[in-house]
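Trainee: Could you take me through the aromatic core of this protein in detail, with its setting? I would value the geometry as well as the residue names.

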Amino acid sequence: MKRFLPLLLVSLILASCNKIVYNDTRSFNNSTWMRFEPETFEFSVKNIEKCYNIVATVKIDTTLYKGFDFPLVVDMQNDQGEHRNFYAQIPLFNKQGLRTGEIVDSYQIVSSNIKEYFFFNTSGKQTMAIKQGTHKYDLNGVVNFGLKVEQANMKLPK
């Protein structure tokens with residue numbers, strides 16, 4: 001019982017620090033992401049005085065995908081119709097030429113901030129349509145793609 005109480009306390013503290021607004025992962029048929037078929041993620045933002053980190057995670061089969069990074073094209077839209085577009089890249093190798101992230105057999109799982117300290121203009125429903133940004137129509141080797149929106153440790157000055 002003496003060991004259980006500290007573990008419970010630590011678990012409660014960590015759970016209360018959870019600032020994740022949204023987290024979802026999509027899998028692809030035959031590990032293929034079609035270029036003009038975006039993955040669409042919808043979530044709600046309640047507090048526009050806080051800023052957010054937008055984190056993308058990709059799981060690739062390294063025997064099929066040979067790229068040095070993973071480019072993305074992102075179209076964000078709020079429920080009032082305002083669009084914001086940007087490009088992002090998930091680095092798959094570090095400066096020394098070694099693979100980043102977690103390696104399991106022939107799979108590589110990499111998470112990267114695609115927007116840091118991002119402010120949403122309006123509260124409410126947000127939609128992110130994300131496309132793979134390579135020149136290939138059928139991008140083989142992409143097992144799944146995930147998006148996480150989490151509250152960052154910064155807020156707007158008043």
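Mentor: In this predicted model, both Trp33 and Phe145 are buried. Phe145 also meets Phe41: the centres of these two rings lie 6.1 Å apart and their planes stand at 55°, so the pair is tilted. The stacked class would need planes under 30 degrees apart, and the edge-to-face class planes over 60. Phe41 belongs to strand β3 (residues 39-45) and Phe145 to strand β11, so this contact ties together parts that are 104 residues apart in sequence. The limit for burial is a relative accessible area under 20%. Phe41 therefore counts as buried, since its relative accessibility is 0%, and Phe145 is buried with a relative accessible area of 0%.

The count for the structure comes to twelve aromatic pairs. One of them joins Trp33 to Phe145, a tilted pair with 5.1 Å from centre to centre and 50° between the planes. Because Trp33 lies in strand β2 (residues 32-34) and Phe145 in strand β11 (residues 142-155), this pair ties together parts that are 112 residues apart in sequence. Trp33, Phe41 and Phe145 belong to one aromatic cluster, whose members also include Tyr22, Phe28, Phe43, Tyr52, Tyr65, Phe70, Phe118 and Phe120.

Charged side chains meet rings as well. The charged end of Arg26 sits over the ring of Phe41, at 4.2 Å from the ring centre. Elsewhere, the charged end of Lys59 sits over the ring of Tyr107, 4.9 Å from its centre.

Next, the strand that carries Phe41. The covered face of β3 holds Glu39, Phe41, Phe43 and Val45, whereas Thr40, Glu42 and Ser44 make up the uncovered face. β3 runs antiparallel to strand β9 (residues 124-132), and seven bridges join the two. Within this pairing, Glu42 has Thr127 of β9 as its bridge partner, and Val45 stands opposite Gly124 in β9.

A search of the whole structure finds one cavity of 30 Å³ or more, and about 80 Å³ of space lies in the largest cavity. Its lining consists of Met76, Gln77, Asn78, Glu82, His83, Arg84, Phe118, Phe120, Asn121, Thr122 and Gln126. The elements that contribute two or more residues to this lining are β5 (69-78) and β6 (83-91); β5 gives the most, with three residues. Sorted by class, the lining has three nonpolar, six polar and two charged residues.

The protein has one helix and eleven strands, and from the N terminus on its elements run α-β-β-β-β-β-β-β-β-β-β-β. Of its 158 residues, 36% count as buried; Trp33 and Phe145 are among the buried ones.

Terms used:
Residues numbered from 1 in each chain as written. Predicted model: local features only at pLDDT ≥ 70, side-chain atom pairs only at ≥ 80, totals over all residues. Heavy atoms only, no water. Phe/Tyr/Trp six-rings, centres within 6.5 Å; stacked < 30°, edge-to-face > 60°. Helix = DSSP H or I, 4+ residues; strand = E, 2+ residues; numbered from the N terminus. Buried < 20%, exposed > 50% of the residue type's maximum accessible area, 1.4 Å probe, protein only. Lys NZ or Arg CZ within 6 Å of the ring centre and 35° of its normal. 1 Å grid on protein atoms, 1.4 Å probe; cavity = no way out; pocket = protein on both sides within 12 Å on 5 of 7 lines; lining within 4 Å. Points joined across faces, edges and corners; volume = space filled by probe spheres on them. Nonpolar A, V, L, I, M, F, W, Y, C, P; charged D, E, K, R; others polar. Pairing = 2+ DSSP bridges.
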